[in-house]
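Hi,

I am handing over the structure we talked about, and my notes on it follow below. Have a look at it first, then read on.

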2 protein chains.
Amino acid sequence: MATQPAQAAESPNAAAIEELRTLLGDRLSTSAAVREQHGKDESFHEAVPPDAVAFAESTEEVSEIVKICARHKTPIIPYGTGTSLEGHVAALRGGVSIDVTGMDQVLKVSIEDMDCTVQPGVTRKQLNEYLRDTGLFFPIDPGADASLGGMTATRASGTNAVRYGTMRENVLALTVVLPDGRIIKTSKRARKSSAGYDLTRLFVGSEGTLGVICDITLRLYGIPEAISSAVCSFPDLESAVNAVILTIQSGIPIARIELADDVQMDAINKYSGLDFPVTSTLFLEFHGSEQGVQEQVESVGTIVEGFGGSDFQWATRTEDRNKLWQARHDAAYACKALRPGAEIWATDVCVPISRLAECITETKRDIEESGLIAPIVGHVGDGNFHLVFLTDPNDPDENARAQALNERMVMRALAMDGTCTGEHGIGYGKMDFLISELGEAVSVMRTIKKAIDPDNIMNPGKIVRV
Amino acid sequence: MATQPAQAAESPNAAAIEELRTLLGDRLSTSAAVREQHGKDESFHEAVPPDAVAFAESTEEVSEIVKICARHKTPIIPYGTGTSLEGHVAALRGGVSIDVTGMDQVLKVSIEDMDCTVQPGVTRKQLNEYLRDTGLFFPIDPGADASLGGMTATRASGTNAVRYGTMRENVLALTVVLPDGRIIKTSKRARKSSAGYDLTRLFVGSEGTLGVICDITLRLYGIPEAISSAVCSFPDLESAVNAVILTIQSGIPIARIELADDVQMDAINKYSGLDFPVTSTLFLEFHGSEQGVQEQVESVGTIVEGFGGSDFQWATRTEDRNKLWQARHDAAYACKALRPGAEIWATDVCVPISRLAECITETKRDIEESGLIAPIVGHVGDGNFHLVFLTDPNDPDENARAQALNERMVMRALAMDGTCTGEHGIGYGKMDFLISELGEAVSVMRTIKKAIDPDNIMNPGKIVRV
């Protein structure tokens with residue numbers, strides 16, 4: 001440090017960075033390109049690069065990094081695949097991004113207990129690839145091939161949540177490095193426990209603001225004996241949504257029931273080279289025994305027919321199913337291709353299912369009146385849907401209209417006893433909406449944040465203002 | 001107060017009690033019998049009566065009561081049906097028990113959304129009675145007809161948890177009065193959300209140490225088209241447990257799979273006037289469509305046969321099923337009748353299912369060697385089982401042996417990556433075991449407790465020492 005006094009004076013975080021360089025050598029980067037990449041997620045939110053990026057390789061190393069940062073009160077931003085959608089990784093107050101993609105080992109699989117323990121850099125697809133020969137799978141699937149650490153931190157879900165739950169239901173235990181560097185295990189591996197406060201669920205969805213998630217024990221499921229996927233078109237949005245609502249209310253254990261509107265279907269066709277009818281469409285999947293799947297198909301078929309839906313277009317072979325669901329998962333990228341040069345801005349809300357048709361159709365009307373391009377796509381079995389705005393980054397008026405529409409949609413969802421985000425999280429994009437949603441409860445979140453992270457070094461400026 | 005200076009000087013809580021009397025009139029009791037009843041749960045833990053009992057009738061009133069107590073730093077112990085098992089309601093530092101049994105209204109049922117909102121004094125049976133004509137039911141069923149507030153506070157589960165989850169998975173939102181009297185709502189009614197810290201899950205299982213639960217929004221389920229219950233006997237404990245393990249590992253969506261050992265079956269026969277074989281026994285229940293139940297029955301039948309189990313003894317009519325499950329739910333009371341005058345002392349652990357057979361058989365061996373009477377009964381589909389010690393309260397040696405056996409069982413479960421309690425909670429009976437289980441994580445619980453309840457007035461002396 002004596003050789004670089006000028007640099008040390010430049011940033012309040014320079015001293016921490018010097019110590020980290022000693023610890024990590026080449027695995028500490030301050031290059032502009034690396035910092036830029038780590039300050040930006042897949043949202044429209046402005047990139048705010050960290051001062052440095054630390055590439056960690058073990059829990060103990062994360063603990064050492066955090067201890068150094070804590071000593072200098074240097075902010076820390078955990079980083080996985082950078083696929084979040086509300087600016088979660090932006091280094092709003094500078095500091096050090098801890099990149100955990102090098103922590104990519106599946107540590108343990110227990111076939112008997114149907115669970116596994118992974119490092120946070122393992123992605124959902126990597127895990128399922130690893131599990132291929134076990135007869136087990138991990139169902140949670142946000143659009144991106146996100147890291148399981150990031151999925152835990154944002155309480156992610158995806159297309160299977162209607163049957164298998166979200167990260168909330170599927171994380172059994174976590175190893176977490178606290179803001180002072182201590183390492184804790186939040187729970188044992190038992191399926192249920194009433195031993196004290198539910199720290200596991202507290203860290204699931206904490207978006208890096210309470211600690212760094214360093215390993216994750218996850219529930220796994222047996223691959224069903226029979227799986228069938230189908231696509232089916234509807235005359236209008238309301239009919240499609242009403243078919244979903246009746247399916248859920250009938251208690252049919254459907255594994256996936258996904259909506260795409262006409263604009264989204266057009267985007268999917270163009271992006272994935274498909275030729276689905278350009279109208280409101282449901283993507284469905286049935287899991288069970290051969291007989292059970294047959295029963296579900298018959299029940300849902302009757303419901304779909306009642307709402308004027310088309311016959312099911314089936315995908316039964318594994319490769320056809322994969323193609324179908326990849327097209328669904330690529331919805332956001334398909335949107336991007338619909339208007340080259342546009343910024344994509346994905347937002348989501350979730351409402352009680354009884355209000356879903358009303359919420360979506362009113363939102364669709366808003367979009368049509370706004371003149372904006374904003375496909376609708378949704379995990380509608382949960383009452384959750386997304387808008388993907390495609391806006392011209394150089395047109396402030398268009399951006400203002402998108403902001404206004406987003407706000408109207410969120411306020412509509414809250415008025416229906418829904419939430420401002422079903423699965424994207426708060427980041428720094430939805431902090432005001434969180435207050436609108438939960439009011440005084442947010443001050444309890446602040447109390448917890450201040451107690452666990454008194455110096456506000458863990459991903460500051462996200463979820464709650466301190 | 002001027003008229004009772006002597007009394008005001010007697011207890012540090014006297015001033016608070018006087019103010020509460022002004023607020024509540026007759027609904028504030030200081031009678032010895034009422035206080036005694038409110039200081040004792042169904043465990044062997046010593047009764048510690050509060051200084052007074054406040055019978056609350058609304059959330060706003062609970063808030064007023066808490067504000068008065070907070071001003072005087074008077075401890076508060078929320079009280080439902082008093083059926084907890086680790087001394088949860090004991091007023092270890094005196095103070096005021098808030099009895100919420102008068103808050104017994106079902107506030108709202110949404111059939112479309114399959115949820116309901118209830119006051120904390122509603123019991124599980126009252127709720128299901130209320131739902132009778134809706135086609136919906138609430139599955140969580142601890143042995144006692146507990147209040148839903150208490151079930152939330154202890155993260156209860158029961159016989160259906162293997163299929164439907166515990167209170168952790170089935171509480172959607174809570175209204176809570178904080179230790180300073182503020183009223184918060186932890187969540188909206190949407191099925192999923194990634195909006196901020198999971199306060200709902202933090203209060204589920206907090207055992208009254210963070211606030212008073214004043215209403216609860218719960219998931220409901222459609223009553224299955226077909227339900228069949230059966231009982232089946234095994235040559236020994238290990239065979240019964242291995243049949244359970246294989247059933248779970250096969251992914252069969254069984255609704256209930258409950259174990260009772262020979263001693264427990266003897267108790268059940270005597271208490272409920274039944275004549276089951278006195279040997280290790282499984283109680284099973286299948287939910288689904290007619291066809292689905294048939295499939296499950298065949299699959300489990302094959303497994304049971306493979307482990308030497310008897311033919312199923314069926315209960316298909318509703319009244320027969322109710323009789324069967326009432327006998328199972330009365331297991332603890334049956335134990336009590338097995339040795340009149342004995343203290344019953346129920347304890348539970350939960351382990352990953354791969355270790356369940358080993359954990360139960362080693363525990364059974366311990367019991368046999370100890371000379372104690374301690375039936376085993378368990379929600380074995382979750383890896384959870386109970387011992388019910390029947391000890392002579394006047395025999396210190398017997399109690400010491402029970403303590404030692406309990407400690408051995410807990411330590412065995414922890415060594416198997418299990419938990420010191422699957423569903424009873426920590427109370428003041430398992431605080432040291434919690435530390436053995438989670439170590440440094442308990443200090444995070446303490447940090448949260450101190451931040452939310454800085455004066456330590458909410459059920460002090462439970463879960464964590466402050």
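To start with one spot: where is the place of B:T186 in chain B? It is in the loop between β9 (183-185) and α9 (199-203) of chain B. (Helices are DSSP runs of H or I with at least four residues, strands are runs of E with at least two, and both are numbered from the N terminus.)

Before I go on, a word on the source. This is a predicted model, where local features need pLDDT of at least 70, side-chain atom pairs count only at pLDDT 80 or more, and totals for chains, interfaces and linings use all residues. Residues are numbered from 1 along each chain as its sequence is written, while chains are lettered from A and ligands numbered from 1 in the order in which they are written.

Back to B:T186, which counts as buried because it has 25 C-beta neighbours inside 10 Å. (Buried means 20 or more other C-beta atoms within 10 Å of the residue's own, exposed means 12 or fewer, and partly exposed is in between; C-beta atoms are placed from the backbone.) Leaving out residues up to four places away in sequence, B:T186 touches A:A441 from the other chain, along with B:A173, B:L174, B:V176, B:L199, B:T200 and B:F203. (Contact means that the C-beta atoms, placed from the backbone, lie within 7 Å.) The C-alpha atoms of B:T186 and B:E358 are separated by 40 Å, and these residues are 172 apart along the chain.

**Chain A as a whole**

Chain A has 18 helices and 18 strands. Its C-alpha atoms fill a box of roughly 75 × 55 × 45 Å along the principal axes. Of its 466 residues, 59% are buried. Among contacts in chain A with a separation of 6 or more, 71% are between residues 24 or more positions apart.

**How the two chains meet**

A rotation of 180° with 0.0 Å of shift along its axis superposes chain A on chain B, with an RMSD of 0.0 Å. (The superposition is by least squares on the C-alpha atoms of residues with pLDDT of at least 70 in both copies.) The two copies are therefore related as by a two-fold rotation axis. The same surface serves both, as 100% of the contact residues of chain A recur in chain B.

Each side brings a share to the contact: 69 residues from chain A and 69 residues from chain B. On the side of chain A that touches chain B, the elements that each supply at least two residues are α8 (167-170), β9 (183-185), α9 (199-203), α12, α17 (431-438) and α18 (441-452). Which of them gives the most? That is α18(A), with eight residues. By class, this side of chain A has 24 nonpolar, 26 polar and 19 charged residues. (Ala, Val, Leu, Ile, Met, Phe, Trp, Tyr, Cys and Pro count as nonpolar, Asp, Glu, Lys and Arg as charged, and the others, Gly among them, as polar.)

**Two backbone details**

A:E207 has a positive phi of about 55° although it is not a glycine. A:E207 is found in the loop between α9 and β10 (212-219) of chain A, and it counts as buried because it has 26 C-beta neighbours inside 10 Å.

B:K73 is another non-glycine residue with a positive phi, near 50°. The place of B:K73 is in the loop between α4 (59-71) and β3 (76-79) of chain B. With 13 C-beta neighbours inside 10 Å, B:K73 counts as partly exposed.

Best wishes

Conventions
Contact = placed C-beta atoms within 7 Å.
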